[in-house]
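Good morning, and thank you for coming.

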Amino acid sequence: MSSTMTLVVFLVVSSCLSTSHAFTPFPVAHPIKLPLVVHSLPAPTTSSKRCSLPPLHASFSTVFDFTLANTTTKQKSASSFERIDDAIMGGISLSALRDAPDKNYASWSGVCRTDGGGFCGMRTLPFETPLNATGQDGLFLDCWLASDAEPERRMWKMTVRTDPSRGEQVFQAQFDLKRAMDEASKSSTNNGDHVWARVYVPFDDFQLVRGPRLIPDGPKLDVSGGLYQIGLTMSKFRIAVTTTEIENFRPGYFDLHIQRMGFYTKDRPDFLREAVVPETLTKEQADSKRPFILKLLLPVAKLFFSEKANRRRSAMKILREKRNMSRARAILFGIKVRKSSMGMMPSFMKTIGILGVDSFRALSGTGLKVVLIYPLRFLGVVLRMVKKAMGMKVQVPLRE
């Protein structure tokens, strides 16, 4: 029952907070000069938990193409994705995949914060029909980290979904972006141009996860029924049975330029097929297909899970811990900051309204925990103890 409750909460929060918000990245100098057209790509680097060797020869079926080869395909590819940042778990990270007009790529950029979360992600909207992956060996990604030269200080993951649900269990594989970029740098041209890094993610490397946690003895990825979603994640968490953070994680701004994403088939003559971007459901269509229970719970979820409230809590924490302000001084500071843009009285009234809403949310949340969450957790503990005593398989709760 506890696992069911966790799944319901995740689905509701994800539905509320995974909308594609526009994000304007901070200006940053491009570290390399990228060629407008890349006719050949470097010997690719496989990225996965087993560091599989790349195939000597492979054919490629592009699914999403962000190059200038076809502007309609480029725009459609970019509009096929939505954000799925750590707001679903109380974080304040923000990212988006944005088309870069007149550029040979799309930009997945944002700011990753560790306060309450620690990951940014994007995923396709649900495909109208499952994406056929029969006969393919894995996914490839042509990309380059443009914001800095430290890809190894983040954990990069590819995600796929093999069922139409939008729950917390997906198949995921880590990939080594640094290795791919290093290999690409070796193939750079003499005039200073760099070829794109190509990352291979074999289907054999994908594992069933729940959040950042590996599900022990989970089934292998089976793509015979097609793929319902594809996504990317940049995280401070590595895939492991227990929640495990990487050392020396680099939070803050990132900007990954992406040229292509699609399937590859090894041991085939080198060939790159043009993109055929799959049709996706609109946000409204995806929302209409939610289970009835989720539609009922959405108003409640919007009350308790607010991205703006998360950011206010983070700002209050910074003011109190780093600037040594009392709560009252921090509130007065907020009134003063708003005063410059809206005037004293509107700023004061807005602050009163925010305090009222946040106080109601806190009190209601405490009541919900006492009446529902804590009893369900206790029942879950009892059920796991009974299953363990009977020799049955016990799934570790995601929160542990």
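How many bridges join β3 to strand β6? Three bridges join them, and the two strands run antiparallel. Strand β6 covers residues 119-124. Within this pair, Phe-81 stands opposite Thr-124 in β6.

Before going further, I must say what we are looking at. This is a predicted model, in which local features need pLDDT of at least 70 and side-chain atom pairs count only at pLDDT 80 or more, while totals for chains, interfaces and linings use all residues. Residues are numbered from 1 along each chain as its sequence is written, and side-chain values use heavy atoms, with hydrogens and water left out.

The terms also need care. Helices (H or I, at least four residues) and strands (E, at least two) are DSSP runs, numbered from the N terminus. Two strands pair if DSSP finds at least two bridges between them. In general, strands of a sheet pair through backbone hydrogen bonds, either parallel or antiparallel.

Let us now view the whole sheet. It is open and consists of seven strands, in the order β3-β6-β13-β8-β9-β11-β12, with antiparallel pairing. The edges are β3 (81-83) and β12 (213-214); each has a single partner strand, so one side of each has no neighbour in the sheet.

I turn to the salt bridges. The term denotes a side-chain nitrogen of Lys or Arg within 4 Å of a carboxyl oxygen of Asp or Glu. By this rule, there are 16 salt bridges.

One of them joins the side chains of Lys-74 and Asp-99, at 3.1 Å from N to O. This pair links distant parts of the chain, 25 residues apart: Lys-74 lies in helix α2 (residues 71-78) and Asp-99 in strand β4 (residues 94-99). For accessibility, buried means under 20% relative accessible area, exposed over 50%, and partly exposed in between (1.4 Å probe, protein chains only). Lys-74 counts as buried because its relative accessibility is 2%, whereas Asp-99, at 24%, is partly exposed.

A second example is Arg-153 with Glu-150, whose closest N and O atoms are 2.9 Å apart. Arg-153 is buried at 19%, and Glu-150 is partly exposed at 25%. Both belong to a network of salt bridges that also links Asp-148, Arg-154 and Arg-250.

Finally, Lys-236 and Glu-245 form a salt bridge at 3.5 Å, N to O. Here Lys-236 is buried, at 9%, while Glu-245 is partly exposed, at 47%.
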